[in-house]
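User: Hi! I'd like to learn how to read the features of a fold. Could we work through one together?

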Amino acid sequence: MSQERIINLLKRHYKKCRERWFTAKDIEKKLGLANASVTRALKKMRESRMIRYKTIKNVLNDEVFLYRHRVNE
């Protein structure tokens, strides 16, 4: 259920702005889901290559995943 909601959110925002990337916390706030369910769903979708992601370092030097909709390439 949460995977479908996340995919729909990413698709909807990809159509509006192709440069927009989301963190798990952004997705969590927009959908009102629990952190555990969002991160679990994102991990499954990363492993199955359903979504695009990249990692960056934040100000605390922690790795942060950024997500967006995967377009058929």
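**Reading the fold**

Analyst: Happy to! Along the sequence, the protein follows the pattern α-α-α-β-β, where helices (H or I, at least four residues) and strands (E, at least two) are DSSP runs numbered from the N terminus. The radius of gyration is 12 Å, close to the 11 Å that the globule rule gives for 73 residues, so the protein is as compact as a globular protein of that length. That radius is taken over C-alpha atoms, and the rule is 2.2 Å times the number of residues to the power 0.38. This is a predicted model, in which local features need pLDDT of at least 70 and side-chain atom pairs count only at pLDDT 80 or more, while totals for chains, interfaces and linings use all residues. Residues are numbered from 1 along each chain as its sequence is written, and side-chain values use heavy atoms, with hydrogens and water left out.

User: What does the C-alpha trace span along its principal axes?

Analyst: About 30 × 25 × 25 Å.

User: How do I read burial, and which residues of helix H2 are buried?

Analyst: Buried means under 20% relative accessible area, exposed over 50%, and partly exposed in between (1.4 Å probe, protein chains only). Buried residues make up 34% of the 73 residues in the protein. In H2, which runs over residues 24-31, Ala24, Ile27 and Leu31 are buried. They cover an arc of only 65° around the axis, which puts them on the same side of H2; the arc is that of the directions from the helix axis to the C-beta atoms.

User: What do the buried residues of H2 pack against?

Analyst: Contact means heavy atoms within 4.5 Å. The partners here are helix H1 (2-16), helix H3 (35-47) and strand S2 (63-69).

User: And which residues are exposed on the other side of H2?

Analyst: Lys25 and Lys29. Lys25 has a relative accessible area of 53%. Between Lys25 and Val38 there are 8.5 Å in space, C-alpha to C-alpha, and the two are 13 residues apart in sequence.

User: How should I read contacts across the whole chain?

Analyst: Look at sequence separation. Of the contacts in the protein with a separation of 6 or more, 48% are accounted for by residues 24 or more positions apart.

User: How many positive and negative charges does the protein have?

Analyst: Lys and Arg count as positive and Asp and Glu as negative, with His and the chain ends not counted. There are 20 positive and 8 negative charges, and their mean positions are 5 Å apart. Each charge is placed at NZ of Lys, CZ of Arg, CG of Asp or CD of Glu.
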